[in-house]
Amino acid sequence: MRFRQLVITVTLAWLALFVLAPHILVLLTSLLSPDTQQLASYPFTMQSYTRLWEPVYASAFWQSFWLSLLTTVICLLIGYPFAWTLARLPKLPRALLLFLMMVPFWTNSLIRTYAIKLILGAKGLINSTLLSLGLIDTPLQLLYTPFAVIFGLVYILLPFMVLPLVTTFSKLDNRLLEAARDLGATPWQRFVQVILPLSMPGVIAGSLIVFLPAMGMFYVSDLLGGAKNLLLGNIIKNQFLVVRDWPFGAALSITLIVLMGLLLWFYVQANRRINRQGGLDDNAL
Amino acid sequence: MTLRAIVSSVLCVLSVAAHADGKVVVYNWAEYIPEGVLEQFTEKTGIKVEYSTYDNNETMYAKLKLQNGKGYDIVVPSTYLVSRMRKEGLIQPIDHARLTNYKHLDPDLLDKPYDPGNQYSIPYLWGSTAIGVNSDDIDPASITGWADLWDEQWRGKLLLIDDMREVFHMAYKINGVSTNTTDPAQIEQAYEKLKTLMPNVLVFNADAPREPFLAGDVSLGMLWSGEASMAQEENAAIEYVYPSEGAGFWIDNFVIPAGAENVENAHKFLDFMLRPEVAKQAVEEIGYATPNLTARDLLDEETRNNPIIFPSADVVKAGEFQEDIGEEANALMNDYWEKLKSGQ
């Protein structure tokens, strides 16, 4: 019992010091007045939040939103069948494949992003292959485009989509599928009416942990997108490091956090609905 | 104010742990020191060097500001930042009596308005910002000025230096105004001009703008003189064109932050970097011009006469050196800069 108390105390202290306190600082900073001399100063003001509605930031926000959404959809389209296949495999090959998927994580993602640069460049792997096959005459412009940014984001974030889906699929009760078949459901009906609803918690969980980091991964768009302001993360980074408007950078961060909160709330609501409909509960994730 | 006090006190606690004798903490531009020089310095003096790098002036300034001028013993701001940091008390006077090699410096590059008498700063390297052209893809003779970058045929093809002042310089020169203007109308005009350039931009780069040229991803764009001469060593086709409207010039300077903990060692490091043989090595390896006259004479003729590194007096006269433009103009340019980078 004392051990349990100790663990709880340590965890709470850790969270308070390194999660709660910094976030309160960010929140306070976002309410201060910008001051390039002192980084932030009194009085308290909502000025930074009203600036969010300036067209330049609103449109950057939408651009960032669409890029992240597209990344999520692509991850889902690739990850869903992959996770299904993986979950159906016998234990040993499944463990091996999951292990192989985790191996790239041993290398820093920044270094892997540099490697993507080499692959997508004008003299990179893709272009030189296509050129030598005679399929194209001049190198395709792949690097420094939104395509390259999405490519990099999908590459880095795909495992985060696959893992929750594999868990969901491997917990899926096979007898339900057999019952559906016995009752005359076609493969398509079995997918739409049985598999898809049952895997929704995995889909939502995976989508959330792909979508949210995608909005902030400024180094991917710095390196692969040509350092244009493509993601919200780029703008936040610039506000802190280059423009030195800390309150505004903090306001942007808070906006991102609020958005994350809203999406999590949506996740909980969706889960409840699925539960009411007799789907999986959260414990099955 | 209070917030900054909290943050800086936390950083103080962290930096106390790192405090030790016999070291100097250097914060320099990326790829901006000849190889082996730090080791030589440690060998000669027994002083250890803690070395880290940045890729734009603003990042360095933000860090120094946040830490109240503590944490580093040497940083290397460009001219315009030297005057700002001096005014804000972020840097401390340099004791010239302790610099036995100060005498090697070119008087033409000393005692400038940004730091009269060089009380606070010692020039390290200087260079220019002009146009890089890959002559394999583009005839360099067809590119004569900044205005040529606006041509529609370069849609989605250009590299720009990821630096506000450098990019605005192009528009200022085309509009025929000073690169150090603080006039809001002139700044806005420059923004309007640059807006029409943005569709041509493929990539912004400030850590190694030569890399996209060498990788074949771009064939035209802004380039720094040192990057151009380094690029030429790998690919002779990459040429450097001084634009007719005037190139941008800057001097990077060693300064000692006000809160430096190893002031004595910082002076020793400065004096070491001023040695002609070290300055010579810097030109040879980094490809920027040295203000060190003795070192210039030590260079081989080819390097000394390389117009990329040491431009002619006419080219320098046509161009303009960057100076501090003050907070207001800076903030205004920042707003426009954010818009430009977001494609607006």
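Predicted model: local features only at pLDDT ≥ 70, side-chain atom pairs only at ≥ 80, totals over all residues.
Student: How do you know that domain 1 of chain B and domain 2 of chain B are in contact?

Tutor: The criterion is heavy atoms within 4.5 Å, and by that criterion 17 residues of domain 1 of chain B are in contact with 24 residues of domain 2 of chain B. The area buried between these two domains is about 2000 Å², and carbon and sulfur atoms give 50% of it. On the side of domain 1, B:Y80, B:Y288 and B:I308 lose the most area to domain 2, together 34% of what that side buries.

Student: Why is the pairing of B:R84 and B:D324 called a salt bridge?

Tutor: The side chains of B:R84 and B:D324 meet at 3.7 Å, N to O; the limit is 4 Å between a side-chain nitrogen of Lys or Arg and a carboxyl oxygen of Asp or Glu, and therefore the pair qualifies. Across the interface of domain 1 and domain 2 of chain B, the rule finds three salt bridges and also six residue pairs in polar contact, both residues being at pLDDT 80 or more.

Student: Which helices of chain B each supply at least two residues of the side of domain 1 that touches domain 2?

Tutor: They are α4 (79-87) and α10 (276-286), and α4(B) gives the most to that side, with five residues. The residues of this side of domain 1 divide into seven nonpolar, three polar and seven charged.

Student: What makes the pair of B:S121 and B:D115 a polar contact?

Tutor: The side chains of B:S121 and B:D115 come to 2.7 Å, which is set against a limit of 3.5 Å between N or O atoms, so the pair meets the distance condition.

Student: What elements are there in chain A?

Tutor: Chain A has twelve helices and two strands, which run α-β-β-α-α-α-α-α-α-α-α-α-α-α from the N terminus on. Of the 285 residues in chain A, buried residues make up 42%.

Terms used
Residues numbered from 1 in each chain as written. Chains lettered and ligands numbered in written order. Heavy atoms only, no water. Buried area = accessible area lost by both parts, 1.4 Å probe. Polar contact = N/O pair within 3.5 Å; in protein donor to acceptor, adjacent residues only side chain to side chain. Helix = DSSP H or I, 4+ residues; strand = E, 2+ residues; numbered from the N terminus. Nonpolar A, V, L, I, M, F, W, Y, C, P; charged D, E, K, R; others polar. Buried < 20%, exposed > 50% of the residue type's maximum accessible area, 1.4 Å probe, protein only.
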